[in-house]
Amino acid sequence: MGILGDSLSKAVEKTFTRPIPKSAPAQMRYLVRHEKGTRAVAQLLGISQRTVERYVKGQIVRPRPELGQRLADAVRQRWQPRVRERAKKQAATTTGIVIETRARFGYTAAPGTTDDARLRLLTQNLPPEFARRLFDAQEAGATEQQLRNIAAEGLQEIYFKDNGRRAQDLQVEFTDIDYVEFDL
């Protein structure tokens, strides 16, 4: 993914109630239970079924770095799906989502105003509608630019336009992201 997609995933992972399995054999056993068989896990990770069986039995305990990363990512994506969905639903219906970012914001505004882009550090609570749009777009496989546009629109409406109380014609561009972090 990109920086916004990864940050959304990390925000949801903070709501997990139990830690993700740490060792490779424990992660492999979880995947075998979740995917209902060693063949499916072997296809998922791009390794042989016999290798999966060896991990499950504890005969292999340290994977190659690239396999270890694929294994950890696969477990993280599937860990506690109900907790994940509950957190997304709560953010999308009641609490909203907090975005903290340091990025360059540019403007398209009325003549006579400054539209020079400048680096800003913002921490802003976005309402549930923007959280819902971000999560829906992420699940639909949206590109990083589409996620960035949704976040920019949310910041534009809530922070820069102050919920429609000022700067009616302002259009905000969200570029050169130094970092972004979401919190539910």
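The crossing of helices α2 and α3 is right-handed; a crossing is called right-handed if the near helix is turned clockwise from the far one by less than a right angle, and left-handed if anticlockwise. Helix α2 covers residues 24-35 and helix α3 residues 38-45, and their axes come within 8 Å and cross at roughly 115°. Axes here are lines fitted to C-alpha atoms, for helices over the stretch in contact, and angles run from 0 to 180 degrees between N-to-C directions. Helices α2 and α3 are therefore roughly perpendicular to each other, where 65 to 115 degrees counts as roughly perpendicular, under 35 as roughly parallel, over 145 as roughly antiparallel and the rest as oblique. On the α2 side the contact is made by Met 28, Leu 31, Val 32 and Glu 35, and on the α3 side by Thr 38, Ala 40, Val 41, Leu 44 and Leu 45; contact means heavy atoms within 4.5 Å. By class, seven of these residues are nonpolar, one is polar and one is charged. In this scheme Ala, Val, Leu, Ile, Met, Phe, Trp, Tyr, Cys and Pro count as nonpolar, Asp, Glu, Lys and Arg as charged, and the others, Gly among them, as polar.

The model is a predicted one, in which local features need pLDDT of at least 70 and side-chain atom pairs count only at pLDDT 80 or more, while totals for chains, interfaces and linings use all residues. Residues are numbered from 1 along each chain as its sequence is written, and side-chain values use heavy atoms, with hydrogens and water left out.

Helix α2 also packs against helix α4 (residues 49-57), at an angle of about 115° and with the axes 7 Å apart. This crossing of α2 and α4 is left-handed. Ala 24, Pro 25, Met 28, Arg 29 and Val 32 of α2 meet Val 52, Tyr 55 and Val 56 of α4. The residues of this contact divide into seven nonpolar, no polar and one charged.

A further partner of α2 is helix α5 (residues 65-78); the two axes come within 10 Å and cross at roughly 50°. Helices α2 and α5 are therefore oblique to each other, and their crossing is left-handed. The residues in contact are Ala 24, Gln 27, Met 28, Tyr 30, Leu 31, His 34 and Glu 35 of α2, together with Leu 71, Ala 72, Ala 74, Val 75 and Arg 78 of α5. They comprise eight nonpolar, two polar and two charged residues.

Most residues other than glycine have a negative phi. Lys 36, in the loop between α2 and α3, has a positive phi of about 60° although it is not a glycine. At 72% relative accessibility, Lys 36 counts as exposed; exposed means over 50% relative accessible area, buried under 20% and partly exposed in between, with a 1.4 Å probe and protein chains only. Gln 80 lies in the loop between α5 and α6 (81-95) and has a positive phi of about 45°, although it is not a glycine either.

Leu 8 is placed in helix α1 and is buried, with a relative accessible area of 0%. Leaving aside neighbours within four places in sequence, Leu 8 is in contact with Ile 97, Leu 134, Phe 135, Gln 138, Leu 147 and Phe 182. The C-alpha atoms of Leu 8 and Val 61, 53 residues apart along the chain, are separated by 31 Å. Gly 2 is found in the segment before α1 (3-13) and is buried as well, with a relative accessible area of 18%. Gly 2 and Thr 143 are 141 residues apart in sequence, and 8.1 Å apart in space from C-alpha to C-alpha.

The protein has eight helices and three strands, where helices (H or I, at least four residues) and strands (E, at least two) are DSSP runs numbered from the N terminus. From the N terminus on, the elements run α-α-α-α-α-α-β-β-α-α-β. The radius of gyration of the protein is 21 Å, well over the 16 Å that the globule rule gives for 184 residues, so the protein is more spread out than a compact globule. This radius is taken over C-alpha atoms, and the globule rule is 2.2 Å times the number of residues to the power 0.38. Along its principal axes the C-alpha trace spans about 70 × 30 × 25 Å. Of the 184 residues, 41% count as buried. Among contacts with a separation of 6 or more, 68% are between residues 24 or more positions apart.
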